[in-house]
There are 2 protein chains.
Amino acid sequence: MNKETQLSDVFSALADPTRRAILARLAEGQATVSELAEPFGFAQPTISKHLRVLEQAGLIQQGRDAQRRPRRLVLGGPLKEVDVWLGPFREQWERRFDALESLLEQKKNKRRSKGEPR
Amino acid sequence: MNKETQLSDVFSALADPTRRAILARLAEGQATVSELAEPFGFAQPTISKHLRVLEQAGLIQQGRDAQRRPRRLVLGGPLKEVDVWLGPFREQWERRFDALESLLEQKKNKRRSKGEPR
């Protein structure tokens, strides 16, 4: 699977609020299917389906405990790729914010030098 | 539209390599439909369809030039929401990385104090 396809799979997996909530839960520690199903009020097969999508996207994996088969978050895996993808866009809005900030600073200084109220 | 639904729409819009490439192109500056269609070798209706998805997700908007109707990136809009959503996960993998780094540092120092080669 090439990188672009993997990134598409990751974004696709993240395009569901339940799957995002599962990831947020797993960020706090591993959990079994029944532990995950309970707070959402979903049947286990529904949760299992979501878990499969998350697993195929490489976002989660099964823990070592063979009996309980807990799921855990893959730290710094595909989510890091999303972060890397966001990089150039983040730079742009930060640059824009910096430019806005220095513009406001200039205006403030101008008003001050004219003796106007701030 | 609530925030979760909007975030789902954004992730869904990003789950396509052509749409991601369009965003990357628009990050360099605004472009018309024909300017966007050319490098991808797609027909204009195909590009227009992708642009509609991106526009509905709030990722791009139409510029002010009514005749050319260039599209431009919405800076710090929904992509910033994606960045905010990533925050807690980023913290986790950075913490993990820091822990790993300090472990390696400890091992190095131990070897040094024993007079072993680095």
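Predicted model: local features only at pLDDT ≥ 70, side-chain atom pairs only at ≥ 80, totals over all residues.
**Figure 1. The contact between chain B and chain A.** The contact draws 27 residues from chain B and 27 residues from chain A. Between them, chain B and chain A bury about 2,600 Å², and 69% of this area lies on carbon and sulfur atoms. On the side of chain B, Arg20(B), Leu75(B) and Trp93(B) lose the most area to chain A, together accounting for 26% of what that side buries.

**Figure 2. Polar and charged pairs across the interface.** Four salt bridges are found across the interface of chain B and chain A, and eight residue pairs there, both residues at pLDDT 80 or more, are in polar contact. Arg90(B) forms a salt bridge with Asp83(A), in which the closest N and O atoms are 3.0 Å apart. Helix 1 (3-14), helix 2 and helix 5 (78-113) of chain B each supply at least two residues of the side of chain B that touches chain A. The largest share of that side, eleven residues, comes from helix 5 of chain B.

**Figure 3. Helix 2 of chain B and its two ends.** At the start of helix 2 of chain B, a side-chain oxygen of Asp16(B) reaches to within 2.9 Å of the backbone nitrogen of Thr18(B). Just after helix 2 of chain B, Gly29(B) takes a positive phi of about 145°.

**Figure 4. Aromatic rings in the structure.** A search of the whole structure finds seven aromatic pairs over all chains. One of them is formed by Phe40(B) and Phe42(B), whose rings are stacked, at 6.5 Å centre to centre and with 15° between the planes. Phe40(B) is partly exposed, with a relative accessible area of 26%, and Phe42(B) is also partly exposed, with a relative accessible area of 35%. Elsewhere, ring pairs link Phe11(A), Trp85(A) and Phe89(A) with Phe11(B), Trp85(B) and Phe89(B) into a cluster.

How values were computed:
Residues numbered from 1 in each chain as written. Chains lettered and ligands numbered in written order. Heavy atoms only, no water. Polar contact = N/O pair within 3.5 Å; in protein donor to acceptor, adjacent residues only side chain to side chain. Helix = DSSP H or I, 4+ residues; strand = E, 2+ residues; numbered from the N terminus. Phe/Tyr/Trp six-rings, centres within 6.5 Å; stacked < 30°, edge-to-face > 60°. Buried < 20%, exposed > 50% of the residue type's maximum accessible area, 1.4 Å probe, protein only. Contact = heavy atoms within 4.5 Å. Buried area = accessible area lost by both parts, 1.4 Å probe. Salt bridge = Lys/Arg side-chain N within 4 Å of Asp/Glu carboxyl O.
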